[in-house]
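Here is a friendly walk through the model on your screen. Please keep the sequence and the 3D view open side by side while you read.

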Amino acid sequence: MRILAFAILAIGTVSIWPVAAQTYDPAYPVCLHVWSKGANYYECRYTSLPQCNASASGRGAGCVINPYFAGTRAGRPYRPIY
């Protein structure tokens, strides 16, 4: 009986811990990486680096390219060679 009670307690404890969210939003190509007292997070809401740099100005932050951006592919379109 103790083992069953311990198992239920363990499952309940693990299930209430916060779950980590996705860091990058795939809808925007540029993310703002913010370093502040007690926090370190990303805001992926920017469509260009100048827009992000304007928001990062004067803060402990920097702009990074979103590695998970799901937009159009840069460069030439793929064409097979015959």
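Helices (H or I, at least four residues) and strands (E, at least two) are DSSP runs, numbered from the N terminus.

## Before you start

This is a predicted model, in which local features need pLDDT of at least 70 and side-chain atom pairs count only at pLDDT 80 or more, while totals for chains, interfaces and linings use all residues. Residues are numbered from 1 along each chain as its sequence is written, and side-chain values use heavy atoms, with hydrogens and water left out.

## The chain as a whole

The protein chain has two helices and three strands, and reading along the sequence gives the pattern α-β-β-α-β. Of its 82 residues, 17% are buried; here buried means under 20% relative accessible area, exposed over 50%, and partly exposed in between (1.4 Å probe, protein chains only).

The accessible surface of the protein chain is about 7,000 Å², with 63% of that belonging to carbon and sulfur atoms. Accessible areas come from the Shrake-Rupley method with a 1.4 Å probe, and for residues only the protein chains shown count as cover. As for contacts (heavy atoms within 4.5 Å), 44% of those between residues at least 6 apart in sequence join residues at least 24 apart.

## Two disulfides

How many disulfides does the structure hold? There are two, a disulfide being a pair of cysteine sulfur atoms within 2.5 Å. With the bonded cysteines of the protein chain numbered in sequence order, the pairing reads 1-2, 3-4.

Start with Cys31 and Cys44, whose sulfur atoms sit 2.0 Å apart in a disulfide. Cys31 belongs to strand E1 (residues 30-36) and Cys44 to strand E2 (residues 39-46), so this pair ties together parts that are 13 residues apart in sequence. The torsion about the S-S bond of Cys31 and Cys44 is about 100°, so the disulfide is right-handed. Both Cys31 and Cys44 are buried.

Now turn to Cys52 and Cys63, a disulfide with its sulfur atoms 2.1 Å apart. Because Cys52 lies in helix H2 (residues 49-56) and Cys63 in strand E3 (residues 61-65), the pair ties together parts that are 11 residues apart in sequence. This disulfide, between Cys52 and Cys63, is left-handed because the torsion about its S-S bond is about -105°. Cys52 is buried, with a relative accessible area of 0%, whereas Cys63 is partly exposed at 22%.

## The nonpolar core

Which residues make up the largest nonpolar core? Seven do: Val30, Leu32, Val34, Tyr46, Cys52, Ala56 and Ala61. E1 and H2 each supply at least two residues of this core, and E1 gives the most, with three. A nonpolar core is a set of buried Ala, Val, Leu, Ile, Met, Phe, Trp, Tyr and Cys residues joined through side-chain atoms within 4.5 Å.

Leaving out residues up to four places away in sequence, Tyr46 touches Tyr28, Pro29, Val30, Leu32, Gln51, Cys52 and Ser55. Tyr46 and Tyr28 are 18 residues apart along the chain, with their C-alpha atoms separated by 6.0 Å.

Pro29 is located in the loop between H1 and E1. From C-alpha to C-alpha, Pro29 and Tyr46 are 6.8 Å apart in space, and 17 residues separate them in sequence. Beyond four places in sequence, the residues that Pro29 touches are Tyr46, Thr47, Val64, Ile65, Asn66 and Phe69.

Gly62, in strand E3, counts as buried because its relative accessibility is 19%. Apart from neighbours within four places in sequence, Gly62 is in contact with Cys31, Leu32, His33 and Trp35. The C-alpha atoms of Gly62 and Trp35 are separated by 8.6 Å, and the two residues are 27 apart along the chain.
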